[in-house]
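Hi everyone, thanks for making time.

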Amino acid sequence: MLKKWLWGTTLTLAIAVTGVLVYYGYSIVHFANSISTASTSSSSTSNPQADPGTETTTTPIPKWEGKERVNILLLGGDSRGDDAGRSDSVMVASIDPVSKRAHLFSVLRDTYVEIPGHGKSRLNAAFSYGGAELTKQTVSNLLGIPIQHYVYTDFIGFMALVDAVGGIDIDVEKDMYYTSKADKHMYDIDLKKGLQHMDGKTALQYVRFRHDATSDFTRTERQRIFMTELAKKLQSTTSLFKIPEILEAVAPYIETDLSPTQMLKLASLGFDINVNEVDKQQIPPNTLLTNELAGSAQVLGVDKNKLQAFIQNLFEEDAQAEQQ
């Protein structure tokens, strides 16, 4: 209860905050419903106390109750609108809801893997064969962990998100240049070395560049760097006040099998994570990689058993840190 001697300023603040929460709450619920491919039986999924005839929700964002590790596949597609394309970026966000420790794995797209129902091929081919669901199954089999859900976006969605948060500051380590007639120069890359404020277009160039000696290895490293900076920006006070605008901007370009309720809970869990302490890993690590030939094409081989043992060791370290 509000104490009478504080009622003047506190009541005014409470009214203002309540209005903001209602506004944001509706925006988040509306966004979750618009991008989810998971079936929802009724409006009670996102707000069990809401009146079905109203469009406003006042239910607080629910907390994540589960104790088991949550593994989410993050897919960036290279579709240009005319075909499904292949997965240009494959990442796994793994969160321990108990210890609040998180990992961000960049899975090399040229890893030679068994794709269920299609034999062995590069990992990024799984998306063209069976979309996000088949990619989720393939990555789960490779890493030896259950991947419960996926989030997918394409080039346009990525650019929309970066623009919606107001851009990201990145220190570019070197000049980057690439041009392609195949895309009618829509996705050419031309970046200069040094600190710069990136909008959606330049950010896409940064995370896609791989035309140097280390190719996909440094590209996935840049993606992990960028995702960390993006997460920091999303957790900032400025972005919190822009949540409705951000969600509206990216909703048309994102697809996920998370239900609206799961998204709300996951968002709550995400804000408990210290972004600066997220462990970022290339998967498979260099120490486990072998160069192999698939026909005449060079691919990246890996001993799946050793890779899975590597992943489990990381998770065991999380558990041990929690006990200390």
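Arg69 and Asp318 are both buried, meaning under 20% relative accessible area, where exposed is over 50% and partly exposed in between, with a 1.4 Å probe and protein chains only. Before I go on: this is a predicted model, where local features need pLDDT of at least 70, side-chain atom pairs count only at pLDDT 80 or more, and totals for chains, interfaces and linings use all residues. Residues are numbered from 1 along each chain as its sequence is written, and side-chain values use heavy atoms, with hydrogens and water left out.

Back to our pair. Arg69 forms a salt bridge with Asp318, with the closest N and O atoms 3.0 Å apart. Helices (H or I, at least four residues) and strands (E, at least two) are DSSP runs here, numbered from the N terminus. A salt bridge is a side-chain nitrogen of Lys or Arg within 4 Å of a carboxyl oxygen of Asp or Glu. Arg101 joins in too: Arg69, Arg101 and Asp318 are linked in a network of salt bridges.

How many salt bridges does this rule give? The count comes to 8. Another one is in helix H5 (residues 215-235), where Glu229 and Lys232 sit 3 residues apart, about one turn of the helix. Their side chains meet at 3.4 Å, N to O. Glu229 is partly exposed at 27% relative accessible area, and Lys232 is partly exposed at 33%.

Now for a lysine in another setting.

Last stop, helix H7 (residues 243-250): its buried residues are Ile243, Pro244, Ile246, Leu247 and Val250. They cover an arc of only 165° around the axis, taken from the directions from the helix axis to the C-beta atoms, which puts them on the same side of H7. The face turned away from that buried side carries the exposed residues Glu245 and Glu248.
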